[in-house]
Amino acid sequence: MMPILYHSPNSRSSAVVTLLDELGAADVEIREVTIPRQDGSGSPDAANPHPEKKVPYLIDDDETVRERGAIMLYLTDMYPQAGLGPLPGQPGRGAYLSWLSWYQGVMEPVMVMQFAGLSHPALGATFRDPATMIARLSEALARGPWLLGEAYSAADLLCSSPFLWFPESAPDDPAIRDWIERCAARPAVKRTAERDAKVAA
Ligand SMILES: N[C@@H](CCC(=O)N[C@@H](CS)C(=O)NCC(=O)O)C(=O)O
């Protein structure tokens, strides 16, 4: 059976659709499902096997993969010829795993807490703060051009994704702003936006 990506247009799963395009992974089926939207539209989809009916969700035979960082790692390992993430034993593998996990474990929580106006010593101790989060991106991109150095990877796709959705959240840092522009200019990003617009219409 073909692997199946459960996707809902204009959501966190859109970046995974972009990754499939970047990987040339034509043998992964993209299955659209509905999710509840902030404007009150949409609803959980009985056809979505995700335990919380979220997207993205990837099924590959008996394997189920949730969380974008894990799904992206799974896919870049699955399509090694695309060179979108270092493999075990290759230089940069540690940094690659770190960026993907850091996005899930730090960057996105920090951005959501900032959006929600939350702060607490325990949150600071665990996640640090928006300035520290931006500093990690800034120091990597000062070496740049991509988070892993010379090669674009799924880590760039994942970590740039919130700035593509919420451009106003981009920090006033030229290296980060240039990187966001370069990530947004990838033809696959444009193709996903067009695809999502068509499906959502
Ligand atoms: N931590 C998850 C978050 C997934 C997530 O929250 N997806 C949203 C779409 S943007 C969703 O499915 N929401 C539907 C719901 O909350 O029921 C990941 O990164 O994959």
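Predicted model: local features only at pLDDT ≥ 70, side-chain atom pairs only at ≥ 80, totals over all residues.
**Loops, a helix and a ligand**

Biologist: Okay, on to α6: is it largely enclosed or exposed, and how many of its 12 residues are buried?

Modeller: Buried means under 20% relative accessible area, exposed over 50%, and partly exposed in between (1.4 Å probe, protein chains only). Among the buried ones are Leu157, Leu158, Cys159 and Phe163. α6 is largely enclosed by the rest of the structure, because the number of its 12 residues that are buried is 10.

Biologist: Which helices do those buried residues pack against?

Modeller: Contact here means heavy atoms within 4.5 Å. By that cut-off the buried residues of α6 pack against α1 (14-23), α2 (68-78), α3 (93-115), α5 (130-143) and α7 (174-184).

Biologist: Now the ligand: how far is one of its oxygen atoms from an N or O atom in the side chain of Lys54?

Modeller: A polar contact is a pair of N or O atoms within 3.5 Å; within protein, one must be able to donate a hydrogen and the other to accept it, and residues adjacent in sequence count only if both atoms are side-chain atoms. A ligand nitrogen is 2.8 Å from a polar backbone atom of Val55, and a ligand oxygen is 3.1 Å from a backbone N or O atom of Arg68. For the Lys54 side chain, the distance to a ligand oxygen is 2.7 Å.

Biologist: Val55 again, then; what kind of peptide bond runs from Val55 to Pro56?

Modeller: Pro56 is in the loop between β2 (29-32) and β3 (57-60). Omega is near 0° from Val55 to Pro56, and the bond is cis.

Biologist: And what is the positive phi of Glu67?

Modeller: Most residues other than glycine have a negative phi. Glu67 lies in the loop between β4 (63-66) and α2, and is partly exposed with a relative accessible area of 44%. Though not a glycine, Glu67 has a phi of about 80°.

Definitions and conventions. Residues numbered from 1 in each chain as written. Heavy atoms only, no water. Helix = DSSP H or I, 4+ residues; strand = E, 2+ residues; numbered from the N terminus.
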